[in-house]
Amino acid sequence: MNLLAYTVASLWWVTQPLNPAGRRERRPMAAFARRHTSALRNWNGARAGTIERQRERHCHSVDSRAPRRLAVNAPRGVRVLSTPPPARDDLDLNFNSPREAFKSKKTSELVRAYLVYQICSINWIVENNDMLMRRLRQVVGQRLFEAIMKATFYGQFVAGEDQNKIRPTIERLRSFGVKSILDYSVEEDLSQEEAEKREVSASISACGDKQEEGQLKQYHVEQRFADRRYKVTSARTYFYLNEASCEKNMEAFLRSIDAVAGITKSTGLMAIKLTALGRPQLLLQLSEVIMRARNYMQQIAGGTGNVLTHHKTIEDFQRYFGDHSSKPEVQEFMRKITSDKEGIVHLFPWSNILDKDMNLSDSFRVPDPKSGQMRRLISQISPKEEEMFRNMLRRLNHIIQVANEADVRVMIDAEQTYFQPAISRICLEMMRRYNKEKFLVFNTYQTYLKNTYNEILTDLEQAQRQNFYWGAKLVRGAYIEQERARAAAMGYEDPTCESVDATTASFHRCLNEILSRVKESQYRLGIMVASHNEDTVRYAIQLMKERGIRPEDKVVCFGQLLGMCDHITFPLGQAGYSAYKYVPYGPVAEVLPYLSRRANENRGFLAKIKKEKGLLLKEIGRRLLTGQLFYKPVGNYTPV
């Protein structure tokens, strides 16, 4: 007898009237059953629906650290149990379990992944992938070409064409404990000649690129490296066309925010690049200003590093300038300096960076210590370019405001070293504005650069002194070969670490420094360990244990690309760690440059691919032997 029949029979018995002898009369049960079975089914359905809604609310609450009691309307005497704790698996830190790695995948998806990895192991195909895709499209036509791509490379590395079609992928990731970073990965397919032409044109001021005293050649365009895609396989590149194209890019980022808010249920992130929002010349000039300001501080105060790290005061400056400190222009300069009780934070009024009246040429001037005369640290810039700079910051500010209202966090990607000082400076100013009460804006740090550790120390100090949440994504970096070649060709010091081991040591040193400050900062530091390296992931988990940092403290998260290193991401998410997939989406024809880079990047990770291919074969074989070829993934995990 099933539960429903048993319940109906019990209710029938207790509702029978008593006869004069005190015994229940047995009236026909059929009518009672017909009358009450439907009601019981409805009540059970309503109760299940209530429990499901309560469970969803519990699962979607990222701040929840303990199961909540469910409040459901049940008949008197029926005991309602609380929601069980979220599913959690034990984590194999060797990442050798094919079952845990691929329980979110259909068998057909495992076969596809193995096929794609096999193709990525053939050098000739990878080296000529762009030509082969073009030829294939010409031969079979657009419709069949798209079907072939969706069954292979596109299906492996891209979630879908638009925010509606990516929803099933996002929801399946979430059901297996993995969250999403959405990226609309449409790229222009430019020739090298067109890319160089655009970049050179957009990197030189209308006032010219004249040689000036104190100029730093690293922050000026070089024709040989104007195509910023040179030797870069793992990062998207934007080339400036005009202000209208920047507005179009901003609209694409805003659509990504809508997608994140609508699909990921406030657990997702979105990534942006600042070169998509403005003229590269402005980032070059601003980066040069920042580095020349550091040289200026070294000139008058000795030492090296960021202005903030010198811990000099306004009084120190007055002594340095001597009699010149009484000059009105010098006094005006010192009045605008940002400082606190520990000393000078910034030489320039960065807090005014979004003001419509801010003028770059007037803002970035410093007194000459010998003559007291004001001198420009920024190369010449036209009024129209001043307006372009304000437009770039307006676009970024609008994106972050919209993201804040939608409860979507924003990661600003790192770029080449000749842009990065400006990008980091702008990013930190946005953190100061928007990260007062929560993590909203995240900066990205590339650990293949020798100076990254010092930059992190400086930025951590600024966050502590100006009281904002500091969020960071830590990566090895995407531009190392290009940076080395450019430095050698232009004759400046190579900014990169000398070897792979040195880069790994830099990554681990930065990670250790950040996590050592978590409790002291009262959990106002947040970091994403964006790495496909198993040793780095293990090291981060070890540090978390040593520092007493729990996954649910929302301090450390891990990130990998969609379609790569599933044997790391999914076991982490299923074990209760905060794990993300970087999820690209966009129309097939417009994401071909992205797919081309993924093929090249996979070729560069043959050792990792070899391991993942082995795990794929083991899982396919296990399913074949156990009769699970038609396995349907159903997850019941709740992301942290």
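A salt bridge here is a side-chain nitrogen of Lys or Arg within 4 Å of a carboxyl oxygen of Asp or Glu. By that criterion, a search of the whole structure turns up 40 salt bridges. Before you click around: this is a predicted model, where local features need pLDDT of at least 70 and side-chain atom pairs count only at pLDDT 80 or more, while totals for chains, interfaces and linings use all residues. Residues are numbered from 1 along each chain as its sequence is written, and side-chain values use heavy atoms, with hydrogens and water left out.

**Stop 1: salt bridges**

Select Asp 130 and Arg 134, whose side chains meet in a salt bridge at 3.2 Å, N to O. They are separated by about one helical turn, because they sit four residues apart in helix α6 (residues 129-140). (Helices are DSSP runs of H or I with at least four residues, strands are runs of E with at least two, and both are numbered from the N terminus.) Asp 130 is partly exposed at 34% relative accessible area, and Arg 134 is partly exposed at 36%. The scale runs like this: buried is under 20%, exposed is over 50%, and partly exposed is in between, using a 1.4 Å probe and protein chains only.

Next, pick Glu 247 and Arg 394, a salt bridge with its closest N and O atoms 2.6 Å apart. Glu 247 belongs to helix α11 (residues 243-263) and Arg 394 to helix α16 (residues 383-406), so the pair ties together parts that are 147 residues apart in sequence. Glu 247 is partly exposed, at 24%, and Arg 394 is partly exposed too, at 38%.

Now go to Asp 566 and Lys 581, where the closest N and O atoms of the salt bridge are 2.8 Å apart. This one links helix α22 (residues 566-574) to strand β12 (residues 578-585), so it ties together parts 15 residues apart in sequence. Buried or exposed, Asp 566 and Lys 581? Both are buried.

**Stop 2: rings**

Rings of Phe, Tyr and Trp (its six-membered ring) pair if their centres lie within 6.5 Å; planes under 30 degrees apart are stacked, over 60 edge-to-face, and the rest tilted. The whole structure has 14 aromatic pairs. Phe 439 and Phe 442 are both buried. For an aromatic cluster, select Phe 317, Tyr 320, Phe 321 and Phe 333.

Then look for charges over rings (NZ of Lys or CZ of Arg within 6 Å of the ring centre and within 35 degrees of the ring normal). The charged end of Arg 486 sits over Tyr 418, 4.0 Å from the ring centre. Arg 509 does likewise over the face of Tyr 453, at 3.6 Å.

**Stop 3: two loop residues**

Tyr 492 sits in the loop between α19 (480-490) and α20 (500-516), and is buried at 12%. Its C-alpha is 7.9 Å from that of Lys 217, although the two are 275 residues apart along the chain.

Finish at Glu 187, in the loop between β1 (178-184) and α10 (192-203). Glu 187 is buried, at 13%. Which residues is Glu 187 in contact with, leaving aside neighbours within four places in sequence? They are Arg 236, Thr 237, Glu 590, Pro 593, Tyr 594 and Arg 597.

Key: Contact means heavy atoms within 4.5 Å.
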